[in-house]
Amino acid sequence: MSEETIKIAVNRILQTPIDQLGKKLIEELFAGYHDKATNTYKESNFDPTDEFTLTSEQYKWVDGGKVKTTLGTLVFNRFCLEATGLIEHLHYWNKVIDKNCMEDLDSEINNLVIIDKVDTKTLGAFVDRRDTLGFWCVSFLGVSISPGLVRPMSNVNKRKAELFKQYDKELHSDNPVEQIMATNKIEKELMGMVRENLKDDPGYDMYASGDGNLDNNYKTINVMRGAVMNKATNKYDVVESSLLEGVKKKDIPAFSNSIVAGAYPSAVGTAEAGAMAKELMAVLQSEHLNPDPNSDCGTHSTIPFTITKKNKKYVVFRYIDEGGKKVMLDIHSVNNYIGKTVNLYSPQCCLDKAICGKCGGHVFHNLQVTNIGLLITPITQKLLNLKLKSKHDLSTSAIIIPENYATIDTSQYIKIENGILKNKVTMKLFIPRLMEEISGFDLETSSVTCMGILPIKFYDKSGSEISSSLLTIPAVKQFKLYEELGEDPNNYIATYEPNSEICDLGIQQNVVNVQFFLEQIFLNSKSPQLPYNLMVDMMFRCMELNKIDLTGPTITYELLARRLCREGSKPFAFVYGKNMGVDQMSYTKLPYRKAVHEAGPLQAILFQDIGTGVNRGLAMTLNGIEPEKTPLEKVVKA
Ligand SMILES: [Zn+2]
C-alpha cells in the first residue's frame, strides 16, 4: 500500500478526538468482513502493520523528530497511553507489540506507580484499555487456526522418517540420556522446518508474538509425540507418530503413560501448592522491615546473586555493594548488570531484628508495607497455576545438566561419561531423611529418588576421608544403590565403590523440580543442604534451568533463608552479617514446622498442631526466649 493511501488512515487516527477513538473506527480501518447477503468477502481497508513515518509535528510525543512506525502502534499509543496520560512519562512507545513488548511496558508502568509518578487508578485505567483493545481486535486480527496449521507438512514427515531411521540406535538405547539427546536433535530440526514453512502464515502470528507455544500442542498434534518416560523400564518410549497421524498399536502404552504423567501430578500438585502457601505464611509471618527506608544495620556482608535477563525484575530497588559503595538497582540501571554476579545486601545479612532499609531495599517502603513476611504468596499462587496447567503442557523438554552444574566445585573425584555421573574414588552420598515429608521422594532396594542436591564425601583406599563437596543437580534424580544404605540421625548414606554409575544427568525441565527445591532446601530439610550464601542464587539457577518463573522477588527466598537458618535461637544472619567468612555450612537448619512451633505459642496456634505449638512455645518462654511478634496478633486480639 502506498504511503499516500496510508496517510489517509494516519490522519483519521490523529484527528479523531481521544474520547471518540473506539471500536467503530478501529473496525472501519482494520477489519475485513463477510457479507452474508451477497456472500462476498470484503478485505480490510488497512493493515495494522502498514508502515509510515510519524513526525513530532504530527504527534508531539514522538522523540527525536520522527520515527518509522505502524498504524497499529499509533492506535495503541493513542488508545492506551495518551488516553490514560501515561504517554507524558513514556512518550511514543514504538515497539512491535508482542509478549516481550507488553512485559516491558507493564514493568515500566508498574515502576511509575512504585515511584509515585502515577497512581493506581491510572494503572487500572491502562489495564482496562489494554484489555479492551485486545478483545476488540482479537476477532479480526487473532487467527487461531489456519489451513497451514492444520495440514500435515509433507517435507516434515519425510524428514521425520529419515531421522528416526538415522537415530534408531540412540532412540532405543539403554541410556535414557542418549535417548533424550537424540529426541531433542530430531525435534529441533523438525520444528525448525515447521517454523520456516509457517513464517508467512497468518496462523503463525499467535506463536511469533510469543503468546502461543508451538513446541507444545502443535508439535504433539502435527509433528511427533516425542519422549514419554516409562516408569516400568526407567527409559523413554520415543513416539514417532503425531496425534494427527493416529496412535499406532505399539504406541498405546506410551500414550497412556503420558496421560497418567500429565493428570496425576497436576491433581496432587494443586493440593501441595495450596498447602505450601499456608506453610510459607506461617514461617514468615513475623518477618518485618524497619519502617525507615534509610535505616542501616551496619553490616558489610552481602550475598552473591547472578542477574539475568529473566530475573532482573526481582532485584530492582535493592542495594548492591560495588567496590565498597552502596548502589541501588532501579529498573533501568539493573540492565548494566545482566550476566554479572553482584554483591546483594540482603535480609540474610541483616543484623537488626526489623530488617533495615539497606538490606531489605526500597520496594516495600515505596508501597508503604513493612510486614513483608505476609506478602510471599505470589510464588505459591504461580506454582499452583503451573501445576494446574502442567497437564496441558507437553512441551517440557529434556536436557542434560551442564557438567559445571553437577557439583559445587566441579570435583576432581567425579567424572561424567556419556551423560552418566561416575566416581573415581570411593564416594558416599548423604540423602536427607525426608521421604515421609516430601511425596515424590522414594526409597527402593535398588534406587532412591530425591532432589539431586546432596552432600557428598570422598574416601581413599584405606577409608579415610579425602574431600567433601556437594552434588548440585537442581532436579529430581534417581540414584542407583548397590549396597544396603547406612544411616545417621539426619541422613541415609549410600556408598559407591570407584567407577560406579551413580545417576544419569538428564532432566525433564519441569515445575516439579522447582517445587522440590523449595520443599527440600528451604522448607523441610533438618540439616544444611547448601552453603548459606548460595541458597538464593541456586534457587534462581534451578528456576532458569527448568524454564520456570515463579514471579516472586528474590527477597521471598532470602527471607526463608533468614528465618530457617539459625544459630541457637537467633537467625544465622546475625553471624553472617558480622563475618562473611564464616563456614557457610555451619548454620542449624530448622524444618519449617519446628520453626513455627519455636517462634511462640501464638504463631503455632495460627498454624496447626496446637498441642506441640503450646508445649514448645511454653518451654521456650520458660527458657527466657521471647516469642516473636506476628502482625496476625493484632487481628486476633482485635
Ligand atoms: Zn541490615
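At what angle do the axes of helix α8 (residues 154-166) and helix α10 (residues 176-198) cross, and within what distance do they come? The points below take up this question and several others about the structure, which is a predicted model.

1. **Helices α8 and α10.** The two axes cross at roughly 165° and come within 10 Å. Because angles over 145 degrees count as roughly antiparallel, α8 is described as roughly antiparallel to α10. The crossing of this pair is right-handed.

2. **Residues between α8 and α10.** From α8, the contact takes Asn-155, Val-156, Arg-159, Lys-160 and Leu-163. From α10, the partners are Ile-186, Glu-189, Leu-190, Met-193 and Val-194. Sorted by class, the residues of this contact comprise 6 nonpolar, 1 polar and 3 charged.

3. **Helices α18 and α19.** A second pair is formed by helix α18 (residues 535-545) and helix α19 (residues 554-564), which pack at an angle of about 135° with their axes 9 Å apart. These two helices are therefore oblique to each other. Their crossing is right-handed.

4. **Residues between α18 and α19.** On the α18 side, Met-535, Val-536 and Met-539 take part; they meet Thr-554, Tyr-557, Glu-558 and Ala-561 of α19. The class count for this contact is 5 nonpolar, 1 polar and 1 charged residues.

5. **Domains.** The domain assignment divides the chain into domain 1 (3-141), domain 2 (147-246), domain 3 (257-394 + 512-600) and domain 4 (398-508). Taken over C-alpha atoms, the centres of domain 2 and domain 3 are separated by 37 Å.

6. **The contact of domain 2 with domain 3.** Each of the two domains gives 5 residues to this contact. On the side of domain 2, the largest share, 3 residues, comes from strand β5 (residues 226-230). The residues on that side divide into 2 nonpolar, 3 polar and no charged.

7. **Gly-148.** This glycine is placed in helix α7 (residues 147-150). Is Gly-148 buried, exposed or partly exposed? Gly-148 counts as partly exposed because it has 16 C-beta neighbours inside 10 Å, whereas a buried residue needs 20 or more and an exposed one has 12 or fewer. Leaving aside residues up to four places away in sequence, Gly-148 touches Leu-198, Asp-201 and Gly-203. Gly-148 and Pro-202 are 54 residues apart in sequence, while their C-alpha atoms are 8.9 Å apart in space.

8. **Asn-39.** Most residues other than glycine have a negative phi. Asn-39 has a positive value, with phi near 50°. Asn-39 is found in the loop between β1 (33-35) and β2 (40-42). With 7 other C-beta atoms within 10 Å, Asn-39 is exposed.

9. **Phe-317.** The phi of Phe-317 is also positive, near 65°. The position of Phe-317 is in the loop between β7 (303-306) and β8 (319-322). Where Asn-39 is exposed, Phe-317 counts as buried, because 23 C-beta neighbours lie inside 10 Å.

Methods: Residues are numbered from 1 along each chain as its sequence is written. This is a predicted model: local features need pLDDT of at least 70, side-chain atom pairs count only at pLDDT 80 or more; totals for chains, interfaces and linings use all residues. Axes are lines fitted to C-alpha atoms, for helices over the stretch in contact, and angles run from 0 to 180 degrees between N-to-C directions. Helices (H or I, at least four residues) and strands (E, at least two) are DSSP runs, numbered from the N terminus. Angles under 35 degrees count as roughly parallel, over 145 as roughly antiparallel, 65 to 115 as roughly perpendicular and the rest as oblique. A crossing is left-handed if the near helix is turned anticlockwise from the far one by less than a right angle, and right-handed if clockwise. Two residues are in contact if their C-beta atoms, placed from the backbone, lie within 7 Å. Ala, Val, Leu, Ile, Met, Phe, Trp, Tyr, Cys and Pro count as nonpolar, Asp, Glu, Lys and Arg as charged, and the others, Gly among them, as polar. Domain bounds come from an automatic or database domain assignment.
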